[in-house]
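Please find below a note for a colleague who is meeting this model for the first time.

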Amino acid sequence: MTLLSSFQYNLTKPKLDKIENEKMYKENQHNKLMKRTNTDFNKVPDMKKQMEQVRRNKTTFKQSFLNGTSSRTN
């Protein structure tokens, strides 16, 4: 290596390293986001079965709770 090429290499090396590090950081952040927000849109629940389960459930609520959560008046 000549003196000039060595000087140019030492001058540009930090800049190239910084650009490479920023690129890797952005890719990493993008991959993390994609993993976190990945959803499976192919899963469609069978609402008929779900409604049957709701109707079979014998759970009831107190009248005061129902009055507070609806717009009807008694």
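This is a predicted model: local features need pLDDT of at least 70, side-chain atom pairs count only at pLDDT 80 or more; totals for chains, interfaces and linings use all residues.

1. Residues are numbered from 1 along each chain as its sequence is written, and side-chain values use heavy atoms, with hydrogens and water left out.

2. Helix α1 covers residues 3-37, and its end C-alpha atoms are 51 Å apart, which agrees with the 51 Å that 35 residues should span at 1.5 Å a residue. Helices here are DSSP runs (H or I, at least four residues), numbered from the N terminus, and the expected span is 1.5 Å times one less than the number of residues.

3. In α1, a kink of about 30 degrees lies at Thr12, shortly before the proline Pro14; the bend is the angle between axes fitted to the seven residues ending at a residue and the seven starting there.

4. Phe7, found in helix α1, counts as exposed because its relative accessibility is 51%, where exposed means over 50%, buried under 20% and partly exposed in between (1.4 Å probe, protein chains only).

5. The structure holds one salt bridge, in which the side chains of Lys13 and Asp17 meet at 3.1 Å, N to O; the term requires a side-chain nitrogen of Lys or Arg within 4 Å of a carboxyl oxygen of Asp or Glu. Both residues lie in helix α1, four residues apart, about one turn of the helix. Lys13 counts as partly exposed at 34% relative accessibility, as does Asp17 at 33%.

Technical notes:
Helices (H or I, at least four residues) and strands (E, at least two) are DSSP runs, numbered from the N terminus.
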